[in-house]
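Please read the points below alongside the coordinates.

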Amino acid sequence: MRSSARKPILSGLLVFLAYLGYQFVRTWYYISVGNKYAAEAVPFRRRVKKASMRILFVGDSTAVGTGASSPTTSIAGLIAEVYPFATVDNLATNGARVEHVIHQLKCVRRHYDLIFIHAGGNDTVRLTDLGRLRHD
């Protein structure tokens, strides 16, 4: 191969490697930001004396409210605003997969009028085996 043909190939390779490095740093940054939000997240819960309704949230960070500005602005908090007479329990945990949600539901010892299940995102991102996911 002539040296004049190598220059575009080498230049393209350098651009590609620089792009990969940029994406690695960017991904690492966003993971660290997400970890910070997860560490600070508090699931919304509320007890109402003589509640006429019981609501349960189980699942992953979307049910916890990770990334919301406060627990009251999470999905659970917003639902509680619509049902001010309801007790809201939240068993969700950051990083939960479908198999974890099954365990969350097995811990339930009360009757609930409404159950919100947030699951599947972590299985998708972490490439859970489809056979295992079907089983769960």
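1. For what follows, a residue is buried under 20% relative accessible area, exposed over 50%, and partly exposed in between. The model is a predicted one, and with these cut-offs tyrosine 83, which has a relative accessible area of 27%, is partly exposed.

2. The count of aromatic pairs comes to three. One of them joins phenylalanine 57 and phenylalanine 116, whose ring centres are 4.7 Å apart and whose planes stand at 5 degrees, so the pair is stacked. Because phenylalanine 57 belongs to strand S1 and phenylalanine 116 to strand S3, this pair ties together parts that are 59 residues apart in sequence. Phenylalanine 57 is buried at a relative accessible area of 0%, whereas phenylalanine 116, at 23%, is partly exposed.

3. Tyrosine 83 and phenylalanine 85 make up an edge-to-face aromatic pair, with 5.9 Å from centre to centre and 85 degrees between the planes. Phenylalanine 85 counts as partly exposed, its relative accessibility being 38%.

4. In helix H4, which spans residues 98-106, the buried residues are Val98, Val101 and Gln104. They lie on the same side of H4, because the arc they cover around the axis is only 100 degrees. These buried residues pack against strands S1 (53-59) and S3 (114-118), and also against helices H5 (121-125) and H6 (130-135).

5. The largest pocket holds about 210 Å³ of space, and its lining is made up of Ala38, Ser61, Thr66, Asn94, Gly95, Asn122, Val125 and Arg126. By residue class, this lining divides into five polar, two nonpolar and one charged.

Conventions
Residues numbered from 1 in each chain as written. Predicted model: local features only at pLDDT ≥ 70, side-chain atom pairs only at ≥ 80, totals over all residues. Heavy atoms only, no water. Buried < 20%, exposed > 50% of the residue type's maximum accessible area, 1.4 Å probe, protein only. Helix = DSSP H or I, 4+ residues; strand = E, 2+ residues; numbered from the N terminus. Arc of directions from axis to C-beta. Contact = heavy atoms within 4.5 Å. 1 Å grid on protein atoms, 1.4 Å probe; cavity = no way out; pocket = protein on both sides within 12 Å on 5 of 7 lines; lining within 4 Å. Points joined across faces, edges and corners; volume = space filled by probe spheres on them. Nonpolar A, V, L, I, M, F, W, Y, C, P; charged D, E, K, R; others polar. Phe/Tyr/Trp six-rings, centres within 6.5 Å; stacked < 30°, edge-to-face > 60°.
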